[in-house]
Amino acid sequence: MAATSATTLSVGSTTSLGCKGSSISQSKAFGVKFNSKNNIRSFSGLKAATTVNCESESSFLGKESLAALKQSITPKAQKGNRGYVNCVQPQASYKVAILGASGGIGQPLALLVKMSPLVSELNLYDIANVKGVAADLSHCNTPSQVSDFTGASELANCLKGVNVVVIPAGVPRKPGMTRDDLFNINANIVKTLVEAVADNCPDAFIHIISNPVNSTVPIAAEVLKRKGVYDPKKLFGVTTLDVVRANTFVAQKKNLRLIDVDVPVVGGHAGITILPLLSKTKPSTTFTDEEVQELTVRIQNAGTEVVEAKAGAGSATLSMAYAAARFVESSLRALDGDSDVYECAFVQSDVSELPFFASRIKIGKNGVEALISSDLQGLSEYEQKALDALKPELKSSIEKGTGFVQTEPVAA
């Protein structure tokens with residue numbers, strides 16, 4: 001490894017470790033929060049630290065998290081044989097499993113998770129074609145060790161000792177399909193995989209991506225209840241993509257710096273159940289009635305926008321992988337002791353009369369620490385009407401998932 005005299009580490013969606021005084025220059029893309037309790041010295045074989053730049057225009061992390069990162073990282077000069085070196089070192093100590101890793105979401109998601117400095121082991125599972133994905137990723141010079149697991153007979157080994165399980169498995173949407181059209185296929189897939197999670201890593205954080213999330217999260221909850229290991233604080237429906245889209249579209253519409261924008265999105269994760277609370281946008285932003293209508297409809301139908309643009313060749317796989325990786329990184333930060341982790345997610349909730357609801361949550365070492373109900377106070381007239389309108393559809397989807405498990409046997 002070439003010695004370096006200075007290094008710049010930029011934290012954001014485009015992150016570079018450029019080494020002055022050496023021939024090594026590498027570019028990486030990931031969002032990361034380093035815990036100040038860790039003594040960060042090196043990453044991926046390269047010396048890191050003299051400056052930490054958090055001003056990227058795009059990041060897995062929101063503005064508040066980036067501000068906390070700035071405050072928590074104050075590299076101290078350490079005198080060694082080669083002079084003073086300011087340094088930071090992530091501790092790769094968490095084990096992540098991706099179930100459905102060879103699919104359209106699974107592959108880019110696996111790449112992004114492989115780039116996290118907090119991951120020590122990355123287990124990739126699918127029913128076929130996962131060995132090549134794992135071989136390819138294993139060549140990336142990041143800390144995590146990659147292992148592949150194929151078929152039901154290897155699923156248990158994939159899940160042993162895992163801290164975070166991510167489930168993107170299932171069939172993608174095609175033109176003309178709604179998320180509910182996917183139900184009959186994906187419901188069985190999620191049920192089977194969550195049964196294995198319950199048997200092999202019941203204490204893991206479980207991230208459900210497989211659609212329809214409004215139904216698959218209740219399916220997962222019922223399976224875990226029947227297995228006697230349900231912890232509602234550790235089951236998450238990943239709705240981060242709705243927030244990512246809302247932030248992107250609002251920043252574009254209002255000509256704002258993307259890094260500054262934060263739009264909470266509540267409700268569910270399909271059609272009209274997706275409700276961006278534009279009145280709660282940070283920084284405070286004024287929208288005309290026409291802009292509210294246009295942005296809300298676009299955020300709700302953004303998945304269809306991609307499906308139609310791909311013309312039968314797939315769904316929103318890349319943006320979903322990005323959003324899922326952001327949520328994984330947030331979960332890992334929380335597990336690592338960060339006390340300032342907030343995301344929107346579809347979880348068991350009492351912020352409405354429905355048993356599951358997407359809202360902002362605070363995530364800690366043991367999962368959901370708090371539901372941020374204040375976002376639902378002081379809504380605009382448009383938002384209140386939309387909230388009232390989405391509840392019957394969301395209630396029906398939740399009941400559909402719950403009813404599916406109640407009529408199906410759960411593996412012993």
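Modeller: A salt bridge here is a side-chain nitrogen of Lys or Arg within 4 Å of a carboxyl oxygen of Asp or Glu. In this predicted model, that rule gives a count of 16 salt bridges.

Colleague: Why is the contact between lysine 191 and glutamate 195 called a salt bridge?

Modeller: The N to O distance between their side chains is 2.9 Å, and because the rule asks for a distance within 4 Å, the pair qualifies. Lysine 191 and glutamate 195 lie four residues apart in helix α5 (residues 183-200), so about one helical turn separates them. Both lysine 191 and glutamate 195 are buried.

Colleague: What makes glutamate 222 and lysine 225 a salt bridge?

Modeller: Their closest N and O atoms are 3.3 Å apart, which is within 4 Å, and therefore the pair meets the definition. Glutamate 222 and lysine 225 are three residues apart in helix α6 (residues 213-227), again separated by about one helical turn.

Colleague: How do you know whether glutamate 222 is buried or exposed?

Modeller: Its relative accessibility is 13%, and since buried means under 20%, glutamate 222 counts as buried. Lysine 225, at 42%, falls between 20% and 50%, so lysine 225 is called partly exposed.

Colleague: And why is aspartate 260 called buried?

Modeller: Aspartate 260 has a relative accessibility of 19%, which is under 20%, and therefore counts as buried. Aspartate 260 forms a salt bridge with arginine 257, with the closest N and O atoms 3.1 Å apart, whereas arginine 257, at 37% relative accessibility, counts as partly exposed.

Key. Residues numbered from 1 in each chain as written. Predicted model: local features only at pLDDT ≥ 70, side-chain atom pairs only at ≥ 80, totals over all residues. Heavy atoms only, no water. Helix = DSSP H or I, 4+ residues; strand = E, 2+ residues; numbered from the N terminus. Buried < 20%, exposed > 50% of the residue type's maximum accessible area, 1.4 Å probe, protein only.
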